[in-house]
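Hi there,

Here is the structure I promised to pass on to you. Have a look at it first, and then read on for what turned up in it.

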Amino acid sequence: MPSTTFKNLNPEKRARVMAALLTEFSNHSLADAQVARIMTAAGIARGAFYKYFDDLTDAYQTVYHEALAAVHRDVETTPGGVFTPATYYDAVVAFVDQFTNSQYDELIRRHYSENESLLPDHPVPVTLPAADWSAMVLSHATIKEIMLRPANRDAALTRFQQALQLLAE
């Protein structure tokens with residue numbers, strides 16, 4: 001997690017640092033990222049970088065968390081506790097349409113292709129009903145497939161929709 005110092009930066013400087021992180025991690029894997037490039041792009045000193053973040057992994061998780069927050073901002077949760085396949089399907093289609101060719105496109109693509117395996121595993125909340133948990137897992141798998149193989153978009157969405165219907169039965 002970024003430090004309190006980073007969270008309390010003035011909005012302009014914080015935005016500069018986040019833009020530098022987004023550029024770095026969109027163009028380079030976590031393994032190949034460099035603090036020096038981030039410092040130069042953000043106009044900050046090396047000491048400031050380490051005052052804001054523990055290390056490059058912490059900086060990566062910060063920018064990726066921001067991307068995920070943007071992704072999930074408009075995702076509707078299960079209305080009234082009733083499993084609705086269309087809610088999940090529409091959310092995945094919206095994600096794919098909104099984030100393909102967006103500012104986060106390369107970051108997310110690189111996350112799936114190179115960085116995901118370098119990060120600690122985060123357990124999925126077990127409080128979700130089985131159908132919702134299954135739909136969430138299938139949603140992420142479908143998004144990953146489409147981000148890594150855009151030519152498979154229609155087939156992946158069709159298979160996802162069919163799987164959601166099976167969960168609803």
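On the surface, Leu128, Trp133 and Val137 form a nonpolar patch, with about 230 Å² of accessible area together. Please keep in mind that this is a predicted model. Trp133 sits in helix 8, which covers residues 130-148. Is Trp133 buried, partly exposed or exposed? Its relative accessibility is 39%, so Trp133 counts as partly exposed.

Now for the chain as a whole. You will find nine helices and zero strands in it. The C-alpha trace spans about 55 × 35 × 25 Å along its principal axes. The chain has 169 residues, and 40% of them count as buried. If you look at contacts with a separation of 6 or more, 69% of them are accounted for by residues 24 or more positions apart.

Next, the charges. There are 14 positive and 20 negative side chains, and the centres of these two sets lie 8 Å apart. How many salt bridges does a search of the whole structure find? The search finds nine, and here are some to look up.

One of them joins the side chains of Glu12 and Arg16, at 3.9 Å from N to O. Why are these two separated by about one helical turn? Because Glu12 and Arg16 are four residues apart in helix 2 (residues 11-27). Glu12 counts as exposed, at 60% relative accessibility, while Arg16 is partly exposed, with a relative accessible area of 33%.

Another salt bridge brings together the side chains of Glu114 and Arg110, at 2.6 Å from N to O. Glu114 and Arg110 are four residues apart in helix 7 (residues 105-115), so about one helical turn separates them. Glu114 counts as partly exposed at 33% relative accessibility. Arg110 has a relative accessibility of 16%, which is under the 20% cut-off, so Arg110 counts as buried.

Finally, take a look at Asp154, which forms a salt bridge with Arg153; their closest N and O atoms are 3.4 Å apart. Asp154 counts as exposed, at 53% relative accessibility, and Arg153 is partly exposed, with a relative accessible area of 25%. Salt bridges that share partners join Asp97, Arg153 and Asp154 into one network.

Enjoy exploring!

Best wishes

Key: Residues are numbered from 1 along each chain as its sequence is written. This is a predicted model: local features need pLDDT of at least 70, side-chain atom pairs count only at pLDDT 80 or more; totals for chains, interfaces and linings use all residues. Side-chain values use heavy atoms; hydrogens and water are left out. Buried means under 20% relative accessible area, exposed over 50%, partly exposed in between (1.4 Å probe, protein chains only). Contact means heavy atoms within 4.5 Å. Lys and Arg count as positive and Asp and Glu as negative; His and the chain ends are not counted. The place of a charge is taken as NZ of Lys, CZ of Arg, CG of Asp or CD of Glu. Patches are made of residues with over 30% relative accessible area and no salt bridge: like charges are joined within 9 Å, nonpolar side chains (Val, Leu, Ile, Met, Phe, Trp, Tyr) within 5 Å. Accessible areas come from the Shrake-Rupley method with a 1.4 Å probe; for residues, only the protein chains shown count as cover. A salt bridge is a side-chain nitrogen of Lys or Arg within 4 Å of a carboxyl oxygen of Asp or Glu.
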